[in-house]
Amino acid sequence: MSAARIRVRSADWFAGPWQLYEAPGSSAPRVLLESARSGVPAGRYSILAEDPFLIFRYKDGLASLSGPRIGSRTLRTDDPLALLQRLLHTYRLEIPADLPPFASGAIGYFSYEFKDCLLPRSESRLRAQSE
């Protein structure tokens with residue numbers, strides 16, 4: 001069962017998407033995505049995502065999942081990308097054709113330290129020279 005939902009609102013009445021992004025009244029995490037388009041102050045689409053239903057964090061072999069519908073869980077894993085892929089599959093949504101591109105999806109970032117999960121942990125020449 002999917003815990004995600006899509007809400008779409010057209011907002012032609014404001015001067016720009018930053019007004020909504022910076023609006024007071026919510027302390028929930030939020031992100032603003034804008035499509036690129038040259039010659040205009042804003043992109044063709046502005047997508048404001050707020051109040052995520054799931055937050056995924058990984059450090060030192062432990063993945064923590066938290067959200068208002070699932071509470072908090074900690075899982076041990078050596079493959080955080082496989083776990084993240086399973087989560088994305090679990091919460092997959094069918095997107096109606098009349099919605100703009102990227103009307104739903106995972107938004108996030110990987111820290112610089114996450115490179116250690118992606119690259120082999122072999123000694124490099126630079127690391128060996130610096131010691």
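Strand β4 (residues 62–67) and β5 are joined by six bridges and run antiparallel. This is a predicted model, so treat it as one: local features need pLDDT of at least 70, side-chain atom pairs count only at pLDDT 80 or more, and totals for chains, interfaces and linings use all residues. Residues are numbered from 1 along each chain as its sequence is written, and side-chain values use heavy atoms, with hydrogens and water left out. The protein chain has four helices and five strands, where helices (H or I, at least four residues) and strands (E, at least two) are DSSP runs numbered from the N terminus.

**The chain as a whole**

- Reading from the N terminus, the elements come in the order α-β-β-β-β-β-α-α-α.
- Of the 131 residues in the protein chain, 17% are buried; buried means under 20% relative accessible area, exposed means over 50%, and partly exposed is in between (1.4 Å probe, protein chains only).
- The protein chain exposes about 10900 Å², and carbon and sulfur atoms supply 52% of that. Accessible areas come from the Shrake-Rupley method with a 1.4 Å probe, and for residues only the protein chains shown count as cover.
- Among contacts in the protein chain with a separation of 6 or more, 33% are between residues 24 or more positions apart. Contact here means heavy atoms within 4.5 Å.

**The three-stranded sheet**

- Three strands make an open sheet in the order β3-β4-β5, with antiparallel pairing. β3 (55–59) and β5 stand at the edges with a single partner strand each, so one side of each has no neighbour in the sheet.
- Neighbouring strands of this sheet are turned by 15° against each other on average, direction ignored.
- Helix α2 (residues 80–90) packs on the sheet and touches β3, β4 and β5; its direction makes about 170° with that of β3. Axes are lines fitted to C-alpha atoms, for helices over the stretch in contact, and angles run from 0 to 180 degrees between N-to-C directions.
- Two strands count as paired if DSSP finds at least two bridges between them. β3 and β4 pair in the antiparallel sense over five bridges, and K59 has L62 in β4 as its bridge partner.
- Over on the other pairing, L65 has R73 in β5 as its bridge partner.
- Strands of a sheet pair through backbone hydrogen bonds, either parallel or antiparallel.
- Strand β5 (residues 71–76) lies largely in the open, because zero of its six residues are buried.

**The two hairpins**

- β4 and β5 form a hairpin with three residues between them.
- β3 and β4 form a hairpin too, with two residues between them.
- D60 sits in the loop between β3 and β4, and its phi is near 50°, a positive value in a residue other than glycine. For background, most residues other than glycine have a negative phi.
- D60 is exposed, at a relative accessible area of 64%.

- E50 is partly exposed, with a relative accessible area of 35%.
- P52 lies in the loop between β2 and β3 and is partly exposed, at a relative accessible area of 30%.
- Leaving aside neighbours within four places in sequence, P52 is in contact with P29 and P68. The C-alpha atoms of P52 and R30 are separated by 7.9 Å, although the two residues are 22 residues apart along the chain.

**A nonpolar patch on the surface**

- L81, F110, L118 and L119 form a nonpolar surface patch, with about 410 Å² of accessible area together. Patches are made of residues with over 30% relative accessible area and no salt bridge; like charges are joined within 9 Å, and nonpolar side chains (Val, Leu, Ile, Met, Phe, Trp, Tyr) within 5 Å.
- L118 belongs to helix α3 (residues 115–118) and counts as exposed because its relative accessibility is 52%.

Definitions and conventions: Salt bridge = Lys/Arg side-chain N within 4 Å of Asp/Glu carboxyl O.
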